[in-house]
Amino acid sequence: MKKKILVVDNHPVFLKMMTTMLDKEGHIVLSAADGLSALAVLQNFMPDVMFLDLIMPGIGGDKLCRMIRKNPKLKDIYVVIVSAVAAEARLNYSDCGADACIAKGPFNTMSKHIIAAVEQSGQKTSTPQPGVIIGLEGIYPHQITQELLSIKSHFDAILGSMTEGIVEINLEGKIIFANPAAISLIGLSEENLLASNFLELFQEEDQKRAEELLANQDTWSRVISEESLFKMKAKVISLGSIPIVSQGGQNLILLLNDVSERKRLEAQLLQAQKMEAIGTLAGGIAHDFNNLLTIIHTHCQLALLDFKEGEVLRGKFEAILNAAERAASLTRQLLVFSSRQVMEMKVIDINHLVQDLEKMLRRVLGEDIELITVLDKNLGKIKADPGQIEQVVLNLAINARDAMPKGGKLIIETANAVLDENSPHLQLGVAPGRYVFFSVSDTGVGMTPEIREKIFAPFFTTKEKGKGTGLGLSIVYGIVKQCAGNITVYSEPSHGTIFRIFLPQVDFALGEEGQKAQKRKLLGGSETILVVEDEGEVRKLAVEILRRQKYKVLEAAQGEAALLICEEYKAPIHLLLTDVVMPGLNGPDLARRMKYLYPGLKVIFMSGYSDKGIFQRGILDPETGLLQKPFSLESLTGKVREVLDHQSN
Amino acid sequence: MNFKVQAEKMGLDEKEYVEIVDLFIKTTADNLRQLRSALETGDMSKIHQETHSLKGAALNLGFWEICEIIERMAMRIRENSWHGLSDDIEVIQGRIDRIADLLGPRLTEDESKGTRGGTQ
């Protein structure tokens, strides 16, 4: 019976013998010199039988057979592997889906098996002795073939274990080889990948650029896209190339590296460095600014003590005081963003905090926005400044409200979370471990990727002029980072936004969160206080206020001068009120030295921000007092009394 | 070498066999050129590839002598005895030249009668 036959082999002598012999038998015979050419022939020719060589350049017989079996139009072709390595390779040809395997040998004996296979092809179900290689009799293993197979298996093992994706393309850009790493990176099966057009794997906007690079032979033999990367589905790919001369002509081996993670980390690092630089700048300005504000603020307060009710100037001083407080508030926000705000750390339960805030949040959100809270009853505790965590929740809620001008839903959710090395939420500078997770999500307008990249940058705002300072999310970012936590954002235009915050869990008992600081009256005492402050006006004010409250006050402009006073002053000193950052001896070092002289000495640091080299990560020892600059009469006298009383208890 | 007998053994007519042997001589010339070049550069992978290809075709056509020389080459490679390899290549070249000499008159004869085109 006349059959249609395709013979695929890279050796012209074998092709010629096969076509001559099968032609003589009356069959219609076509031939192809490699796998890729065979696939081209199969587009217009549907054979009954295919004879495939096993080892061919590019797509070998086993891979070609797998591709045929996966193709619904071709899968029923009777496929016979004709192998010159049958005696050496211990082939299991059914692995690739072939129907039979014939050993290459002297043509006079091999041709009988070929003819038998063609006859067999019509009766596929009765294939005799499946798995047995036909025509092995009289063929002995050859050393040269074993050596070749050994080299091939070594290369296969190396290519298979490489983490770099390797693809070989021919001059037409068709893929003829892909190692497992490339298959995994590209995300297509080997059968679908082989013979496909390499350029079509890239996103449309990158195809032209990739084509130009590959067409330019000057760029071959090196990484051609380290700076100019390509997008392949959601991945960012760097591309290298090695030209190679093969039997079929000049091919190109392409090295593919998935640099998505590296690029993400680089972007994170860049963002962190940018934030750090802006923070340093903001912190530096805020430090000096706080000293000036302290002078303005406290002088106003002192002046107001001397004014009587109804005096004309009283109103003007009150206006100055009001402006100074607003300026102080702005300075505080800058310090929070720059993670230089000294935090008063307490062990807190975010569930309690959210529940306490609910009433206020409903008022802030308005009637059109529904507030939903989903709180984990077994939520762990965190150590943070409660006021700052409140600010995080409030800022995110305000942000969500502004994203929902026509109303919607705001959902606050809490849960425990474990971040390990593989967690997608584990970002640069965040350690693996147990975290408390809380998210704030909205059903608002969402953000484009371009806006999402900038939202934590200070003074970036999409709101109308005058409706936002651009500091809200910067502050959130600063607080989370200072708590050694992590914040991520997911958003899509028209699909809302979700902020996820991870804060490290602690095992300590609950602190005193929720206890509101008692507003104190101007309190006084009779203890001796040493005031050390290099800013003359601030020092004078502190001294004046404390003396008004009947304390005995000593003063020094620097740490070294303070130590001299200690040597000369014979009576006890009860409290050191000192600036933190000063020329020469800084505040904490001065306090350490003075404690040798006065073991029961109490200390209050006055500071506008925490220098990371002085206070570790800006977190203050709870036994030590902190007076935030700019201070008021009440905060100074209150803090002094609080520290003195606490220690005397 | 009796081409007619060889052709009958393979189930081909003499003219077909002559055509195939002619193709063998041409492709072998390329194999030997590549082999010499690979020996100069010490490209082991290429040496194995070319000798394997040469051996396959020789085996198909029943040129046992050539197959034996190739096996001897494999032995030399395994024993790192490279200096004999060039000699082996020249021996193969000699065998092929002899086949070509025998084939020459047959080809001239066929050409004068007109040959049939190959199948593709």
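1. Which residue stands opposite Asp579(A) in β22(A)? Met606(A) does. The two strands concerned, β21 (residues 575–579) and β22 (residues 602–607) of chain A, pair in the parallel sense, with five bridges between them. This is a predicted model, and the remarks below should be read as such.

2. The sheet around that pair. β21 and β22 belong to an open sheet of five strands in chain A, paired in parallel and ordered β20-β19-β21-β22-β23. Its edges are formed by β20 (552–556) and β23 (625–628) of chain A, each of which pairs on one side only. From one strand to the next, the twist averages 20 degrees.

3. Helices on the sheet. Helix α16 (residues 536–548) of chain A lies across β19 (528–532), β20 and β21 of chain A, and runs at about 170 degrees to β20(A). Helix α18 (residues 587–597) of chain A also packs on the sheet, where it touches β19, β21 and β22 of chain A. The direction of α18(A) makes about 160 degrees with that of β21(A).

4. An enclosed helix. Helix α15 (residues 472–482) of chain A is largely enclosed by the rest of the structure, because 11 of its 11 residues are buried. The buried residues include Leu473(A), Ile475(A), Val476(A), Ile479(A) and Val480(A), but also Lys481(A) and Gln482(A). After α15(A) comes Ala484(A), which has a positive phi, near 60 degrees.

5. The contact between the chains. Chain B contributes 31 residues and chain A 27 residues. On the chain B side, α2 (14–41), α3 (44–61) and α4 (64–78) each supply at least two of the residues that touch chain A. The largest share, 12 residues, comes from α3(B). By type, this side of chain B divides into 12 nonpolar, 14 polar and five charged residues. For the complex, the predictor gives an ipTM of 0.83 and a pTM of 0.55.

6. Confidence along chain B. The average pLDDT of chain B is 81, and 89% of its residues score at least 70. Among the elements of this chain, α2(B) has the highest mean pLDDT (90), whereas helix α5 (residues 85–113) of chain B has the lowest (82). Over residues 115–120 of chain B the pLDDT stays under 50. For that stretch of chain B, the model has 10 contacts beyond four places in sequence.

Conventions: Residues are numbered from 1 along each chain as its sequence is written. Chains are lettered from A and ligands numbered from 1 in the order in which they are written. This is a predicted model: local features need pLDDT of at least 70, side-chain atom pairs count only at pLDDT 80 or more; totals for chains, interfaces and linings use all residues. Two residues are in contact if their C-beta atoms, placed from the backbone, lie within 7 Å. Helices (H or I, at least four residues) and strands (E, at least two) are DSSP runs, numbered from the N terminus. Ala, Val, Leu, Ile, Met, Phe, Trp, Tyr, Cys and Pro count as nonpolar, Asp, Glu, Lys and Arg as charged, and the others, Gly among them, as polar. pLDDT is the predictor's confidence in each residue, from 0 to 100. Two strands pair if DSSP finds at least two bridges between them. Axes are lines fitted to C-alpha atoms, for helices over the stretch in contact, and angles run from 0 to 180 degrees between N-to-C directions. A residue is buried if 20 or more other C-beta atoms lie within 10 Å of its own, exposed if 12 or fewer, and partly exposed in between; C-beta atoms are placed from the backbone.
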